[in-house]
Amino acid sequence: MGKRIDEREWEQATLEALPYEPDDKLRRYAEKLEEIKPHLIIWARESVPDPANWGILNSFGSYAMEEKNHWGAACRCTACGETFTAGYKNKQILMLQMEDGLLLDGWTDGEEPETVSFDVSGNKRETMTCPMCGTEGELIRRSRINGRSLTVQIAELTKIGTTTVILYWLATRWLEKTGYSSVTAAARCATAVSPSGRVIRYGTGTDGKWRKIGRWNDPETMPYCEGGGFYMKSTGAYMFCNVEDMTGTTGEKTAIDTYFKAKDALCASSYLKIWSKNRSIEALVKTGGAAIASDYVRARMRYSYSTDMAGMDLREKKPHRILGVGKVDYRFIVSHAWTLQLVGAFKDYRKIFPKTTAAEFTAWGKQIDPTGIDRFTPFFSDGLGRICSYIEKQKTDAVHYLDYRRMLRSLCEMTERETELTQEEKFPRDLRNAHDRVSDALTAIRIEQKKIGTSKECRTFAEMKKKYAPLEWKNGEYCIVIPESPAELVREGAVLHHCVGGYASQHCRGQMIFFVRHARRPERSWFTLNEDVNGSKVHRIQLHGYGNEYAHGKRLSIPKEVTDFVQAWETDVLAPYLLKNNRRTTA
Ligand SMILES: [Zn+2]
């Protein structure tokens, strides 16, 4: 009981101690962030002096009196703070460009061949190199910037007394006619670690005052936007570690400081939340696995609360056991900055080839596919070593081979092939040839599908399946199935090597296609029956099986059981149906 009261006191004390203003270190950090300090060239239409007249008039000593002005553009660069002038015509800013590419300060009428123009007519972003300092800046009209702001979120790891806290600040820079204001920072929310290791969230309400909040979203995933901001609904945060040493603080055993300093680590508050439930994640971060921990945090936030992500098990204490790999592999994995996804792929591979090391796996990855070895996951069983040497021998690249294998897989799916691929199919002697062959076959099927797959036909197919449902029949070993979609017809045609794929429109007009199949395997193509259901009497058009009964040059006959079955269906099911539904009633 005593402990619980301590915690409540701690919660209250922390609430009272949360700051409303950032300290100097954070302010200096915010001032330097380029994201809220882009280089701009602020321009306005103004009457500007003509530099050509300037010099002459100066020599007369009557500069002010006879200075000749034109309508041009007055510009100011936020990188150097200097001002310069340019010409302006038809929503274009005009400048003279010297041979070395530098722009010349001064008005121009745009008649000279050295003129370059900058389109400032619309919302298109146009940049210009400042003639004074050479910095590239975005051209922006002065009247557009006033009152606008740029905001970023900063997550600051710090301590309040002995409490470890992450403070979230919204740092804003307002744009003014002359350039920028200095940065202002407003406290947004905070995450604190309690003495017993609970993770508590605080937020500022509409009154700006700190309060404890129950709902738990990671501040990095909550969009922030300021009125008049350039960018709306931004997320994420800059991570600023404002604490030298965590010793003696409530977060001492969280490794949050290491997490904060790691490259690409995200969602620090969610990391703490996970730590509060599975403390062994600290071991992972402490031993160089911060990037993997960060992947894990994000995956957990996105998907679920399962403790088994990529086979990672936080009930284990030792970091290599958490990942489910050996010590040597673990050291290799963290020193080579593996992603959690890669760890998952590696472990999948090891289910097939248990002796593979992380070093080997990386070497193959580098050789065949630097963008992600996990794209090869479906083909792991062929062995990455084998795939590597094959690709090398074929003098091709992984993308080409992957493309071939994926097409081959689609082809097998579309034709419902069930037999294993042969070695020659997996590793064809001539990849280029095989690739083209598979590609042609796929294209042919797709064209066929397109030809008959109009959405109107699809609707009709579905309606017919419903309307003629009483005609579906199972008797003994066999059954009659009505196709569901044009695509099913195409598949039937592809599997049985006949032309039923082209019968979609006939089917819709009542010269219906029925599938004759084994009752135990109704999904598998066998025989195709074509019946005219428009009349009041049975009218069979055709009944065919594989290749219209021609296979390998031999004429095959339809088994008697099948013809008997179809006949029985026609007599017992189709005939009564047609008689009942299609007989013309006489007056
Ligand atoms: Zn400049």
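Reader: What share of contacts in the chain between residues at least 6 apart in sequence join residues at least 24 apart?
Author: The share is 59%. Two residues are in contact here if their C-beta atoms, placed from the backbone, lie within 7 Å. Please note that this is a predicted model, in which local features need pLDDT of at least 70, side-chain atom pairs count only at pLDDT 80 or more, and totals for chains, interfaces and linings use all residues. Residues are numbered from 1 along each chain as its sequence is written.

Reader: How many helices and strands does the chain have?
Author: There are 21 helices and 24 strands in the chain. Helices (H or I, at least four residues) and strands (E, at least two) are DSSP runs, numbered from the N terminus.

Reader: And how much of the chain counts as buried?
Author: Of its 587 residues, 30% are counted as buried. A residue is buried if 20 or more other C-beta atoms lie within 10 Å of its own, exposed if 12 or fewer, and partly exposed in between, with the C-beta atoms placed from the backbone.

Reader: Turning to β9, is the strand mostly covered or mostly open?
Author: Strand β9, residues 149-160, is mostly covered, with 9 of its 12 residues buried.

Reader: Which strands does it pair with?
Author: β9 pairs with strand β10 (residues 163-176) in the antiparallel sense, over 12 bridges. Strand β15 (residues 238-241) runs parallel to β9 and is joined to it by 4 bridges. Pairing requires that DSSP find at least two bridges between two strands. In β10, T172 stands opposite T151, while in β15 M239 stands opposite A155.

Reader: What lies between β9 and β10?
Author: The two strands form a hairpin with 2 residues between them, and G161 in the turn has a positive phi of about 65°.

Reader: Why does T158 count as buried?
Author: T158 counts as buried because it has 20 C-beta neighbours inside 10 Å. This residue has its place in strand β9. Beyond residues up to four places away in sequence, T158 touches V165, L167, N242 and V243. T158 and F240 are 82 residues apart in sequence, and their C-alpha atoms are 8.9 Å apart in space.

Reader: A change of topic: what is the order of the strands in the open sheet of 5 strands?
Author: The order is β18-β19-β20-β21-β22, with antiparallel pairing. The edge strands, β18 (473-475) and β22 (539-544), each pair on one side only. From one strand to the next, the twist averages 20°. Strand β21 (residues 527-532) pairs with β22 over 5 bridges, and the bridge partner of D532 is H539 in β22.

Reader: Which helix packs on that sheet?
Author: Helix α21 (residues 560-582) does, touching β18, β19 (478-481), β20 (511-518), β21 and β22. Its direction makes about 125° with that of β18. Axes are lines fitted to C-alpha atoms, for helices over the stretch in contact, and angles run from 0 to 180 degrees between N-to-C directions.

Reader: Finally, which residues of α11 are buried?
Author: In helix α11 (residues 327-335), the buried residues include D329, Y330, I333 and V334. They lie on the same side of α11 because they cover an arc of only 125° around the axis. That arc is taken over the directions from the helix axis to the C-beta atoms. V328 and S335, on the other side, are exposed.

Reader: What covers the buried residues of α11?
Author: The cover includes α10 (319-323), α12 (340-352) and α13 (358-368). Just after α11, A337 takes a positive phi of about 50°.
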